[in-house]
Structure formats: C-alpha cells, structure tokens
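Visitor: I'm new to this one. Could you show me how to read a few of its features?

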Amino acid sequence: MKRQLPFLLVFLFGAFMVFQYYVPHESSEFVYEFLLDWVMIIGIFALALGIWSLYTVSVDKIRHKKENWAYSYVTLIGLFIMVVLGFTYKVGDSWGFYSVFVISLMTLLGFLIQTSVSKDKGLWLGLSGLSLVVALGIAFTDDSWGIAFMTSEGLSNTMFTNFADFVLTPILATMFSLLAFFIASAAYRAFRARNILATLLLIAAIIVMLRFNPYMPFGLPEYMAKTSNWLMNVPNLAAQRAIVIGIGLGIVATSLKVILGIERGYMGKG
Amino acid sequence: MKVKLLIMVVMMLALSSFCFAQDNATEAGTEDTDTTAVVESIILPAPPGNLTGIDKPNDHGHAAILSWDLSPDDGAGENSVLKYEIYKWVPQLMLDINLVRDSLSVIQRILRNTTSGITEGTQADSMKIVFEKYSRDELFDIRNTLIAHVKQENTGLAEASNSYPENGAWLFVDKKPSGTKSFVHIGSKDFKSAGFVPDFANLYYRVDAVTIDGAKSSSKVLGPIQTSGQWYNTYRTPVVFSVLFFTLLTIYFVREARKGADLYVRPLGGIEAVDDAIGRATEMGRPILYVLGLGSAADIATIASFTILGRVAKKVAEYQTELLVPTYDPIVMTVAQEVVKSAYLDAGRPDAYKEDTVHFVTQSQFAYVAAVNGIMLRELPATNVYMGKFFAESLILAETGALAGSIQISGTDEIAQIPFFIVACDYTLIGEELYAASAYLGKEPVLLGSLKAQDYAKAAIILLAVIGVVLAQFEFGAAFVNLFEVAN
C-alpha cells in the first residue's frame, strides 16, 4: 500500500492534467489552479526543510572544522539576518535599540551553534539564554520598530533593501558577468581547427561574429551579412527544430511512462 | 462588530454612489443625448453597421466576439472615423456591485501596504482615508463581509440583465483604431474583479464610430447574447489524435518488448561513460558531483535526471565513493534524498548513506552557481554530472569544472544551453537523449519499448513533413497543412 498509493495518486493527477488541457471549462480550470496552489503550499513546506538542510550542513562544517569552515558562519548569519530584517520595520523617526536587538539575535545564533559543536554546552546554553532575554526584552519594550509576520512592511525596511540592493545584487551581477570570460575561453577551445568539421565551425563562427560586431568600421559586405543570416535561419534553425521535435516526443513518452507507472525513478525505483 | 461592519458597507456604498453619481449620469446619457447637442457644427460620422456577436468558442466562458461592418466614413466617404468605441450595457445591480468591488480593492491595497499608487483627491483616496481608521483585524472582517456581499449579489445579475434597457447604463469597454472590424471582449471570470462578465446572463453591446472631433455615431444595439464555457476545445483535436497515436504506439512496443522482442537502442556515449567516471572517482579517491539543474520537480528533464541519479547513486554506493548533490529547489532536494537513499538501500549499503549527501543551497540562480563552483574548487570532484534544466549558469558551471580537471557528463533539454555543454563537457546528452538515458541505463524491455515508439513517431513526423512540403507547392495542399493547425 505504501508503494501503491503514490502510484495511484500520480496516475489520477497525471491523467487529470492530460485531460484538462482539452477542457477549457471553468470547472476544469478551477481544479487545475487549485492543484497548482497546492504545489506552492508544498513548496513552502519544502523550503523549511531546505533551510534546515542548509543549517545542518553548515553547522556540520563548523563542528568538523572542514576546509573554509568559517564561511559557514557567514552563510548562517547572512541567512538569519535577512530573515530578521525582513520581518521588522521602523515605526517612529529613529530605530531605538533595534541594532542591539539584531546583534543579540545574531549572538544568540552564534551561541546556539557553539552549543551544538562545543563540549562545554552549559556555558554556551547559558549565554544563549542571556542573548534571548536581551532580544526579547528589547522586542517588548522598544516601540520605535515593529514586527510584521503577516504583512509585507519588513520588505521595505531600509536595512533589508540596502542589503539586497547594494550587497546581494552586485554580487549576483558579478557572477553573471563572469559568463563573458567563460564564453571566450570556451569559444577558444571549440574553434580550434583540428579537423574539417571544427574548421567549418570556425568559419561559420567568424562569419556570424562579424555580422553582430558593432565595431566594424567599414561595415560588412552584403554577401557576408546574407551568409550569416542564412547560417542562423536555415541550418541552425533546422537543427534546433529537429532537437525540439525530439524533445517534445521525449517529454510525451516520459510523461506517459510516469503516469502509467512504468518509469519509477523519481521514487527511487528505477 | 457585525452591526458596525454593515453600517460600514452601507456608508461606503452611499459615499461611492455620491462620488459616482455625476459619472453615471454622464455615461448613461451617452446613449440618449448623443454628442450632436453639444457640438452642433460637427458632422457626425455614419455609424458602423451589422453589429453581430457570438460567444467566444473553445474557452472558459466570460468572453464574446463582436464584429461589425466599417462605418462608410472609415477610409471612404468623409473619411473622418478615427476609432471605434465598444460599450456594454450593464444593469444597475452591476454598477452597485462595482462600487463594493472598488471598496474591496482599496481594502486589499491597505492590507498589502500598496496604497502608494492611490492619487490624492480621488474616490479611492477618500475610501482609503475611511478604511485606514480601522485595525487590520477589523479590515480583514470587512473584506470578508464585502466578498460575501459581492458573491451573493452576483447571483442576481442574470435576472437583473433581463430588465434592458431599463434600470442600467452603458459602460465603456475598449477602443479600437479605424479599420478594425472585430473585437474580442474577454471578461474576467473572477467575481471580485471589476471586469467580471457573468456567464448565462443577457449581454448588450454597441459600437460607436468616433471622429477626431469627438463626434460619435452609435451602431444598433446588439443583444441579447450570452457567454458560456465549453467542455472540449475543438482547436486541439489534432493534438488528441497525435497523443492517441503515440500512446498506442508506445503500448504496442511495450507489449512487444514484454513478449521478448529484441529491441536495438543505439549506444549513448554519455551514459556509457558514467560507469567509467565513477570508477575513475573511486581510484582517485575523490567525490562525484551531481547537479540536478534549476528545474522544479515537475519538469520532465528533472524527473529524467532523478532516474539517472538513482543509477549513479547505486554505483557510487557499490564502489563506496563519495557523492555530492547540491540542489537549487527544496522539493527537488527532498525527492533526490529519497532517490539516493533508495539507491543505497538497493546496493545493500544503507549504512553508507549520509543525510547531507543531498543538500539545499539556495534558490538564487547565481548564488547557487557560486556555491557549486566553490564545491568544485574545494573538493576537486573527479566527475561532474549535470543533468536537468540549465540556463545562463550552464557554461559557468561547466567551465569551472573543466578548470578543476573533472570529467564532465551533461544532459539538458534547453536548446540554448546545449552548445555550451558540448563545448565544455566531455560527454553531452542532447535533448531527448536525456529522457532516453533512464531506459538505456536500465535496459528494461518496457522502457526500451517507449524508445522504439519515439523512433517510429519521429519517422512519421519526417514523413508528414516531406508530404507537407510537397503538397504546399500546390493550392489544394493547404487543406492538408491546415489539418495540423492547433489554435489556442
């Protein structure tokens, strides 16, 4: 039964998803949207598991002093500080003791980690309790800021937005910009004329690259522009469409196998 | 509290009605007074003729298709028509409900803290001032009461629309440029939305031809027409036949395979290399990194990747090598944990399974890339396997893996990323090969049967494409080509 029930559910919901594609009626859409809502709900619960996984992996690194273990502290502090900032907001003109509140919470986190990794658990647990008392004391007495769990005030908290806009976004943009250099190094490897096919690839690449180069001072001869367009619109597109047709059939076949219970790899049964 | 709420609703209705009294009068007057009284010197355009309308076919309802003949002054005659304005007649009940909907909208914005866009001095602003005096709990209660009120009132719309032309008004729907002869009015199905169009209620439309001077001439009123949803989308009939054909083909080959038919499947270099790569990792004493990509657990590419992960994990467990699976999606993480755990169990080494083998990293694309690249450069895995959905991060991952000296096997169905993987990886599964990998790894007849069905379906598609190309050269060939048209 433990195995049969999931297969039955997969069959029922999979078959429904196939049929709903052909049924535009509102009732069909309602069930479809209802199921998609459930995917979101499951996703939110799974996110809690994900955060727990990140926490345990990071604490494990600290406990065993694995290579670059100190960065795990940065990961955990970054994770929890954004959670705290995202749920709090300024009420008055000043932040009051807000910074002490945040620091005491981060200290609490550090002490809790030390509690789980250290042999002297009593000391760290006591310090954790002290930090918690300080944080709760400020939270209950300081009226210059508030806590919002059900609404989105915290998302406009300037500290939250500053961390996101001036720390996270530039770091992510930096990672993305590395792509330009990786494309250059990959292109160098790909375009080496080792055999006839690689030479053809090199020639085609040069023609297409020249076509899209904005710094050509003398313009491109028309026949080269036409050749470039032909390369993109005929052989390239034909190959892409062939792959897309294959992918489409593959998707239908795999979906059928999953719905009919032939393919069970996703349940750990190959 | 309930009494307070009811008073609140009544008060808001009164306030809204007062605010809108002027507008309704103006709007309602458009039908009777017409613009000639205001601008006597302006010549009216000829009205659009033959206004017809039908329920939009193959949809969920709440939508109608209108079509009309162009005004004689559109592109000819006086050539003065600038645009067409489409109006819908709505009963007074609908107008009353709309006022409550407006209140509801303001309350929603207050609850979501998104009132910054409300312009000062408007009706919404005055509503905001009133509602902001209430606590959040009270606002939640008011919101629920208003939703119930709107839902209840909507049930009377069909009956109220029978009163045409009494006790109602014309509402502006949309405008279209001159030369337009049709309009699809797609209403909202959400009864809380101002654009809600009820099904099975009498609808009346008119189209006005408008000149640059603002002079309007109205068409004859169209109606009553009704909208409704359909239970079958006939536009998708070609897809039904294709899927049925493919399903029958798959079932046939699966049965053949079960009977013991010898089904040949061409070798896939990338999959054959998996065993060697695991052996290499064992010899080198280094881990294997398995990346499931950025897809969700609902993506077929990720589902195929789970199967391959299961096979890889089983071999890894047998060889007692370390496996690292950093994940992007928490649902994918939980499924992958189950897959790897089962694989270790199948290999007879449940004790070797570690909870952190499959772990969550982040749901931010480039933060995930940074973390995985960090793992590659710290742990120096002997083999990197990338299977699933990949986007801009594909080359950053694969190039870093190449720099770290790992053997790399990849597979994705993202067309744009395939060239990157081909360049940077040692073996690449292109498109459908990713889905075929599970069948190839298992060599199970039932799975191989589906591969055969895919091959025959591809042959059928090639055949039809060739026939289509030939027939498209002739006029009668269009009928054949149109057989495969799928509209939304």
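Predicted model: local features only at pLDDT ≥ 70, side-chain atom pairs only at ≥ 80, totals over all residues.

Visitor: Which residues of α6(A) are the buried ones?

Guide: They are M159(A), F160(A), M175(A), F182(A) and A186(A).

Visitor: Where does α6(A) have a kink?

Guide: Look at L168(A), shortly before the proline P170(A): the kink there is about 30 degrees.

Visitor: And how does chain A look as a whole? Which elements does chain A have?

Guide: Chain A has eight helices and two strands. Reading from the N terminus, the order is α-α-α-β-α-α-β-α-α-α.

Visitor: What does the radius of gyration tell me about chain A?

Guide: Compare it with the value for a compact globule. With 270 residues, such a globule would come out near 18 Å, while chain A has 28 Å. The C-alpha atoms of chain A fill a box of roughly 75 × 60 × 45 Å along the principal axes. As for burial, 17% of the 270 residues of chain A count as buried.

Visitor: Now for chain B. In what order do the strands of the six-stranded open sheet run?

Guide: To read a sheet, walk from strand to strand. Here the walk goes β11-β10-β9-β12-β13-β14 in chain B, with parallel pairing. The edge strands, β11 (358-360) and β14 (427-430) of chain B, each pair on one side only. On average, neighbouring strands of this sheet are turned by 15 degrees against each other, direction ignored.

Visitor: How many bridges join β12 to β13 in chain B?

Guide: Five bridges join these parallel strands, β12 at residues 383-389 and β13 at residues 407-412 of chain B.

Visitor: Which way do the side chains go in a strand?

Guide: In a regular strand, side chains alternate between the two faces of the sheet. In β13(B), I407(B), I409(B) and G411(B) point one way, while Q408(B), S410(B) and T412(B) point the other, and all are buried.

Visitor: Is β9(B) mostly covered or mostly open?

Guide: Mostly covered: six of its six residues are buried. β9(B) also pairs with β10(B) in the parallel sense over two bridges, and L289(B) has L324(B) in β10(B) as its bridge partner.

Visitor: What lies across β9, β10 and β12 of chain B?

Guide: That's helix α10 (residues 365-379) of chain B, which runs at about 160 degrees to β10(B).

Visitor: What is the strand order in the three-stranded open sheet of chain B?

Guide: The order is β1-β2-β5, and the pairing is antiparallel. β1 (49-55) and β5 (182-186) of chain B each have a single partner strand, so one side of each is left without a neighbour in the sheet. Five bridges join β2 (residues 63-69) to β5 in chain B, and A64(B) stands opposite H185(B) in β5(B).

Notes
Residues numbered from 1 in each chain as written. Chains lettered and ligands numbered in written order. Pairing = 2+ DSSP bridges. Helix = DSSP H or I, 4+ residues; strand = E, 2+ residues; numbered from the N terminus. Axes fitted to C-alpha atoms, helices over the stretch in contact; angles between N-to-C directions. Contact = placed C-beta atoms within 7 Å. Rg over C-alpha atoms; globule rule 2.2 N^0.38 Å. Buried ≥ 20, exposed ≤ 12 C-beta atoms within 10 Å, placed from the backbone. Bend = angle between axes of the 7 residues up to and from the residue.
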